[in-house]
Amino acid sequence: MSLRDAYDELIDLTPAARDRRVGEMALSDSDRAMLRAMLADRTTDVFDHPVASLVQSLQPDEPLFRHMLGRQVSRFTLVELIGEGGSSVVFRAERPAGSGKQEVALKILRASRLSDDAGRRFEREQAILAQLSHPNIARFIEGGVVEGSGLPYLAMELVRGLPVTEACAQRQLDLPSRLRLVSDLCRAMQAAHSALVVHCDLKPTNVLVDDEGRLEVLDFGIARLVDAEAGPDATRTLALTPEYAAPEQFALAPPHIAVDIHAIGVLLAEILTGERFSAFQRKPISSIATIAAEGGDARRAGLPAPATLARLLRGDLDAIVAKATATSPDDRYASAEALGKDIDRYLAGRPVEARRASGWRRAAKFVKRHRVGAGLAALAIVLLCATTVAATQQAIKARRAAVAAEEQANRADAVRNLAFDFFSEAEPGDAQRKDVTVAQAVERAIARLSADHAMSPRIRIDLLMRLAVTLGRRGSPERAIDLLEGLHEEARATLGAHDVLTLAVLERASKYDLERGEFDAARAKIDALLADQAVPGSGELQANVLLRAASLAWKTGDFAGSLRDSASALELANALGDKAIASEALTMRAGALLASGDAANALDAYEQLVQGFKERYGPVHGQVSLAYSGLARAYRRLGRLAESEEAARAAIAIDRQVYAANHWILANHLNALVMTLLERRKFDEALQAAEESLEICRLTLADGHIDLTTSKYTAGNVLLQMGRYRDALGYLREALAEHAAALGDASSDTLVARAAYGHALAMAGEKEAGVRELEAAIDVNRRRDSPDYTLLAKAMEKRIRLAIADSDPQAAKARLPALEEVVRSMPAYDRRTWCARDATLRARAAYSAGEWTAVEQALQAAASTIGEHGCGNEAVAVENALLRVLSRARRGLANDASDARETYARALSLPFPPPEVAELTRQMRGLAR
């Protein structure tokens, strides 16, 4: 006898009879103890705890939360205790929000339940809630730890509503209205399952209906991420509510979408009958309605009389509930979506998949839906018998095609479950699998699917394409592109070169070519896609191809082309009503505007994105964070550095709430903050952010990943600007080697790293080696088909600085005309932000050579350019001011004493001054006295 069967037999007995029967059952001692604990007190969720803690869980809790009302948790004030469970309590809480207040449901883990396993589940709940975004799933707001007590808490959207069973009765909903609610529940759970999340504890108190009639799913607290990794010491527990749990949950099986489908089926039965349903009794729900007492049962309000209800439930609805609650997971619906579609078919009067429809029953369904039309059709059939033979044949063909399509959809659902099975291998219990990672589970799924030659090629290629994308997102772009290119060849051979799926695989492959910097390969794929006549037939695919074209144009400096293609993608996405593609297109457009120097319009676009994402997702969401990061870049390009820093920190604050610790997106946004902090010369803060970003990348990304390499360069560059040249060398050397290996010597990233590494070498005392690296960066850049003039100017500036530092002003002067020519070739935006650095260098070289007239002329040219475009580079501005005062002194001209002191004080206040400023400041000491 199973533990679940025993529980069902005992639950309705009196305590005395129950205790006697437990002793008679053929159970092990541990099962008997578990069963007694299960039955001891149904007012608490004892199943939230492992067996070892059951005795403790049955003891009264200390009144830890009695005096918490009115206290602060983070920015929230606890207002009202609204619920208690075995592992947590829930308060209504509020915090200021603009001119009003934001109310949330704030959940705190009980101190007496803070086992390692409960703590792990609570942390997992934050990760789960952070990634779920659906209108029928309660929104996660923030999580953390209560100060002082150390108790974890979660703040979630406060749903004012009733459990779905109570709402149906209180509002006296009819049968179709109740079915539509369950259909909404199926769509919500399909969204969760698509995010690899299984709820595992669906029950009426976790499925609420708010005042507007909208259904919302709460409390993923005991759900498990299907791809979560657990350590070898993880505790497996019975975390469930027995009345709604599937049989396999009692056997401690890994989480699977089938357990949620079972729970939906149990809920569906209870909602349709008003009676508690036991799937293990294997009774059709129509029989429950038949034996139900007529009259005053409040739970049945709105439902027809039992006899009428039984008739309505008999047949299709009996079959739907039976299939959803089947004992074997393999016999249930393959997905929540499939269950929801069957409910929708029933509501539309169509045959349901849970029953094999005979021809007569299908005809009866059709006639019932179309009574008048069926009568006219019958008359027409008599008169046009000969004509209808051909029409009937066509109808049969169409029906067969529809059946084949549905079979393929069901097969796809089955294969999706196969993928879930592979992800669940990360569960503990098998010593050989204790170190399984998500990437390894995906590789196993790929191997299994690749070997399945009986599967429909279309379904298999589609799933393999999605798994390849998963590998790419987890830091294996090379593996992803290899898989995608192989899939493309297979799709061409089996589906045809112009099939939409074949083209979709090619589009995905082009995306990874772009990420790897393989622009020629990406261009070939994108050109082929744009030329293919099948692309316009699929709006989503066409929009994605336009986005890839816009990205390629942006990465190769064709900003006008990027603006054109992103605008076309945005127009198409808006016509399709696809908000996700529209947002990506607007983001691409904003980036193209920024890169082309139109920072003002880019700022408008990013502000539009921030506002739009806030309205759609709320203020704390990953998309809002990404928009803030773009906003920070736009502000920085406009020289509004304080606002740039504020926006970057807003993005990071959201990241820390939305994502799990050490997420790669947080690392990217920390790097963006570093750029602003460097311009504000907040080097200590910049180094702290750069080191955190690097640590996150090392923990989460594979060696050689572009983001890890970029973080190494960023950390090295900060140290270089702080004058810590030896400390910078290691980071810059690694970044240079990795960029060169991955992208080639001529890539912009490699050139930036080589110039910085050469500069650091020279400043650390290895001048000859440093000069060689700098000149190599200059020469390779010049030989490119399209030189990066901004990078070339910066490398040439460093080389000239070294010549001046070597007391060779003539060599510096000889290089200046070439630098000035490069500056004239720079993009307009970069010329504006160049801040007259070439004129400043000319003044400095002339100063070293004692050519005072040339100094004065160069300083006047610098002042004119700075006056026209402004100068956010304080180090350059200070250098100009020092040269002006010192050159006048060297010429024997009087300086205003207060001006000299002010210039000297300004130079002294500059944090981490570059060597050229530090040297001029030393020369000012005597003049400033």
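How many bridges pair strand E3 with E4, and in which sense? Strand E3 (residues 88-97) and E4 pair in the antiparallel sense over 10 bridges, where two strands count as paired if DSSP finds at least two bridges between them. Helices (H or I, at least four residues) and strands (E, at least two) are DSSP runs numbered from the N terminus. The model is predicted: local features need pLDDT of at least 70 and side-chain atom pairs pLDDT 80 or more, whereas totals for chains, interfaces and linings use all residues. Residues are numbered from 1 along each chain as its sequence is written, and side-chain values use heavy atoms, with hydrogens and water left out.

The protein chain has 41 helices and 11 strands. Of its 929 residues, 50% are buried, the classes of relative accessible area being buried under 20%, exposed over 50% and partly exposed in between (1.4 Å probe, protein chains only). Among contacts in the protein chain with a separation of 6 or more, 62% are between residues 24 or more positions apart, a contact meaning heavy atoms within 4.5 Å.

E3 and E4 belong to an open sheet of six strands, ordered E1-E2-E3-E4-E6-E5 with antiparallel pairing. Strand E1 (72-73) and strand E5 (140-145) form the edges, each pairing on one side only. Seven of the 10 residues of E4 are buried, so E4 is largely enclosed by the rest of the structure.

Most residues other than glycine have a negative phi. Ser74, in the loop between E1 and strand E2 (76-84), has a positive phi near 55°. The relative accessibility of Ser74 is 41%, which places this residue in the partly exposed class. Cys200 has a positive phi of about 75° and lies in the loop between strand E8 (197-198) and strand E9 (207-210). Cys200 is buried, at a relative accessible area of 11%.

Among the helices, H31 (residues 725-743) and H32 (residues 748-763) have axes that come within 8 Å and cross at roughly 155°. Axes are lines fitted to C-alpha atoms, for helices over the stretch in contact, and angles run from 0 to 180 degrees between N-to-C directions. H31 and H32 are therefore roughly antiparallel to each other, a term applied to angles over 145 degrees. The contact includes Tyr725, Leu729, Leu732 and Arg733 of H31, and Asp749, Thr750, Ala753 and Arg754 of H32. The residues of the contact divide into 13 nonpolar, two polar and three charged. In this division Ala, Val, Leu, Ile, Met, Phe, Trp, Tyr, Cys and Pro count as nonpolar, Asp, Glu, Lys and Arg as charged, and the others, Gly among them, as polar.

Conventions:
Parallel < 35°, antiparallel > 145°, perpendicular 65-115°, else oblique.
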